[in-house]
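Good morning, and thank you for coming. Please keep the sequence and the model in view while I speak.

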Amino acid sequence: MLNKQSMWMVRAGEDAYLAEEFLSKGLVAIGWNRVGDLTNLKDLESLKIKLSTTFPEFKTGKINNVAGQIFRFRFEFAKNQKVVTYNNVTRIYHIGEITSDYYYSSNLTDYHHIRYVKWISSVGRDDLSTAAKNSLGAIMTLFKLPDFLQEELLHQKPTPAPTFSSNTADEETVETLDTLKEDI
């Protein structure tokens, strides 16, 4: 059993367009760039006020949802905790270890709220249980992984990156249908 240390999923943007950048630059990042640098932010309430000011069109529910995710990234992530991101093109989950405190940069990547990461292993989506795939399929940008999922990810045999032939679209369609059939 793990020591109950938190492990986090951080999505790499819409359609995982930042996945390769996360890996090559050794980081994970989240958007909400208009909010600006959160280094001097003290608590959740001050973050909600900042969000309300920056996005006056947001209703209270959306402010609370966004604030919760940003707050976790800023305050709950910690050095030595594990983090996961997914590349839907390669169908691989990448597992890393957070190596920095919160950092804000407007010139490193499209997303300005950053944590540096040492990437340590990868796991193919097809090597995971249906329960794990379902949990990792949550639509949230950032979330804490349940204990069973942490164990499964950390105890998988690392997976090499897949190779694609010229019929990639047809193969992906068959693979997706087979995966859906298996999941059902």
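Confidence in the protein chain is lowest in helix H6, residues 168-183, with a mean of 46, and highest in H2, with a mean of 96. The score is pLDDT, the predictor's confidence in each residue, from 0 to 100. Helices (H or I, at least four residues) and strands (E, at least two) are DSSP runs, numbered from the N terminus. The chain averages a pLDDT of 84, and 83% of the residues score at least 70. Over residues 160-177 the pLDDT is below 50, and this stretch has ten contacts in the model beyond near neighbours in sequence; a contact means heavy atoms within 4.5 Å. Where pLDDT is low, the predicted coordinates should not be read in detail.

This is a predicted model, in which local features need pLDDT of at least 70 and side-chain atom pairs count only at pLDDT 80 or more, while totals for chains, interfaces and linings use all residues. Residues are numbered from 1 along each chain as its sequence is written, and side-chain values use heavy atoms, with hydrogens and water left out.

I turn now to the aromatic rings. How many aromatic pairs does the structure hold? There are nine. Rings of Phe, Tyr and Trp (its six-membered ring) pair if their centres lie within 6.5 Å; planes under 30 degrees apart count as stacked, over 60 as edge-to-face and the rest as tilted. One of the pairs, tryptophan 8 with phenylalanine 77, is stacked, at 4.7 Å centre to centre and 25° between the planes. This pair links distant parts of the chain, 69 residues apart: tryptophan 8 is in strand S1 (residues 7-10), and phenylalanine 77 is in the loop between helix H3 (60-76) and strand S3 (82-87). Tryptophan 8 and phenylalanine 77 are both buried; buried means under 20% relative accessible area, exposed over 50%, and partly exposed in between (1.4 Å probe, protein chains only).

Another pair, tryptophan 32 with phenylalanine 55, is edge-to-face, at 5.5 Å centre to centre and 90° between the planes. Tryptophan 32 lies in the loop between strand S2 (27-30) and helix H2 (44-54), and phenylalanine 55 in the loop between H2 and H3, so the pair ties together parts that are 23 residues apart in sequence. Are these two residues buried or exposed? Tryptophan 32 counts as partly exposed because its relative accessibility is 31%, whereas phenylalanine 55, at 6%, counts as buried.

Ring pairs also link Trp8, Phe73 and Phe77 into a cluster.

Next, the backbone. Most residues other than glycine have a negative phi. Tryptophan 32, although not a glycine, has a positive phi of about 60°. Arginine 91 likewise has a positive phi, near 60°, and is found in the loop between S3 and strand S4 (92-98). At 18% relative accessibility, arginine 91 counts as buried.

Finally, please find tyrosine 93, which lies in strand S4. Tyrosine 93 counts as buried because its relative accessibility is 1%. Which side chain joins that of tyrosine 93 in a polar contact of 2.8 Å? The partner is arginine 125. A polar contact is a pair of N or O atoms within 3.5 Å; within protein, one must be able to donate a hydrogen and the other to accept it, and residues adjacent in sequence count only if both atoms are side-chain atoms. Tyrosine 93 and serine 122 are 29 residues apart in sequence and 5.5 Å apart in space, C-alpha to C-alpha.
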